[in-house]
Each structure stands twice: as C-alpha cells, then as structure tokens.
Amino acid sequence: MFYSINIEVMKLLSLLFFSLMITNVSLAQSILIDPGHGGEDCGAKGKIWRGKTLRIICEKDIALSIAKIIHKRLSKKFHTYLTRSLDRTISLEQRAALADKIKADIFISIHINASTSKRSHGFETFYLDNHDNAAVKKVEEVENKNIKGEQVIINKILADLVIDRTAPSSRKMSSLVHKSISRKIKKKYKMVDRGVKPAIFYVMALSKRPSILLEVGFISNTKELRKMSTKKFQRDYANAVARGIEKYFKKTKRPPLL
Ligand SMILES: [Zn+2]
C-alpha cells in the first residue's frame, strides 16, 4: 500500500515537473540574430596587410563570427536562432520570414560600417524608427543598397506600420545594448562611441519585431579593422551585446507581436 502510494506520488511529481519544464520552455523569449550579408554578398570590404600579403576582409565574415558568439552565449537562457550560421546568400525577405517562423520576440542585425573617409571610426547602434537626419540617410544607403525604387516606398510604409508598436521597445533595447557595448569596448579598445540613432532599415521593418542594428566599427578604417578581426575583441563585443539583451528582457514584458 505504502509502496503503491509512493508510486502515485512519484507519478504526480514527475507530471508536475514536466509540465513546469514545458511552461518554462514556452515562456523563454525567442531571439533572432542576423549576421548581415553572406554568400555572394560580401558587404563592405576592408584591406589588411598580413606580412607581405594584402588580404581583403569582408563585412559578412566578421558579422558572422560575432553573431555566433552572441548566439552561443544567449542560447543558455533563451531560444536563440541565427538567420545564417554559414557563409551563404540569404535575402532580406528570407531573414524576416524566419522571424515569423520562430515567433521571434526581438531581432538583432550585426553589420560592420564603411565610409569613403578612411578616418571614420567608432561603434554605433540603430533602432527602427522613422526619424529623418543626414546620418541616418547615409547608413540607410549603405545597408539598404540592394533595395531599389518601389521597395524603398514599401520600406517606408512597412516601417510606419510597425513603428507605433515596436519603436518604444526597439529604443529601450538599443539603449541598454549600446550602454553595455560602450562600457566594455570604448576604453579597452579606444573606440569612439557614435551613439544610438533612429533608422529605417528594410530588414528591420520586415521583421515586424523590436529590432536593433549594430554597426560594430568601420571596416574602411585599418586600425579599427585590425581590432575587429581579433577573437578577443569579437568575444568582448559579443558578450557585451548578450549582457544588454539579458537586461532588456529583465526589464521588459513580452511585447505583443503584429
Ligand atoms: Zn552591412
């Protein structure tokens, strides 16, 4: 008798345990990390001397390397996905479709900046918003450069549609992530903090989620490219981003999806 009660209690306890596990799993937030470009699309290009050989470095490779570290770190606590884990071509629409498929709570796109001026340097963070200023326009041109004519109009309309719903969350997330990056990177790597800025990026508008786009540094600046190419920098930067995201989720209730 006593033995059989124990069995029943054990059964109940294990049922309770498994249902708690399931509840916990479904409560965990879902994150989509998007390493910019990939495959045929190299993104911005930089040059670096390795001994006597001049090597071309692609934005897509540094972005993927950093995104993978962020993914590894955040996977411990959240459902975390990458739009690409390999060097492959993937359209902006495919990236956004994945956000829907996995019901992502947030979308983080990783890019490396470029400028015609080799002096330009520093890290900056963008969030989806429809403000209008010269700096935003410039970056829009860089990261939206494969988007033409009608798509630009669609871009604006889409952004307007999702903006009311997601902009406050995007702004909050960008602020927390940027602060965390600045704390870790600014002094240690002597990099300039270019701040948090509103922007309209096609991929962020399509994702329909609270979104941020990180420009890690300038690939067109040799000094900065050297820093960004090291594993140490990539690890520090990625860990700072992960810490910022953890803070964001601590302070935020799950935002409603469109
Ligand atoms: Zn890019």
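**Note on the predicted model**

1. The chain averages a pLDDT of 85, with 75% of its residues at 70 or more; pLDDT is the predictor's confidence in each residue, from 0 to 100. This is a predicted model, so local features need pLDDT of at least 70 and side-chain atom pairs count only at pLDDT 80 or more, while totals for chains, interfaces and linings use all residues. Numbering runs from 1 along each chain as its sequence is written.

2. Watch the start of the chain. Helices here are DSSP runs (H or I, at least four residues), numbered from the N terminus.

3. Helix α2 covers residues 59-74 and reaches 23 Å between its end C-alpha atoms, close to the 22 Å expected (1.5 Å times one less than its number of residues). Its buried residues include Ile-62, Ile-66 and His-71; buried takes 20 or more other C-beta atoms within 10 Å of the residue's own.

4. Of its 56 residues, Ile-66, Phe-201, Val-216, Tyr-237 and Val-241 touch the most other members. Helix α8 gives the most to this core, eight residues.

5. Leaving out residues up to four places away in sequence, Ile-66 touches Ile-110, Val-216, Gln-234, Tyr-237 and Ala-238. Gln-234, Tyr-237 and Ala-238 are among the buried residues of α8.

Definitions and conventions. Helix = DSSP H or I, 4+ residues; strand = E, 2+ residues; numbered from the N terminus. Buried ≥ 20, exposed ≤ 12 C-beta atoms within 10 Å, placed from the backbone. Core = buried A, V, L, I, M, F, W, Y, C linked by C-beta atoms within 7 Å. Contact = placed C-beta atoms within 7 Å.
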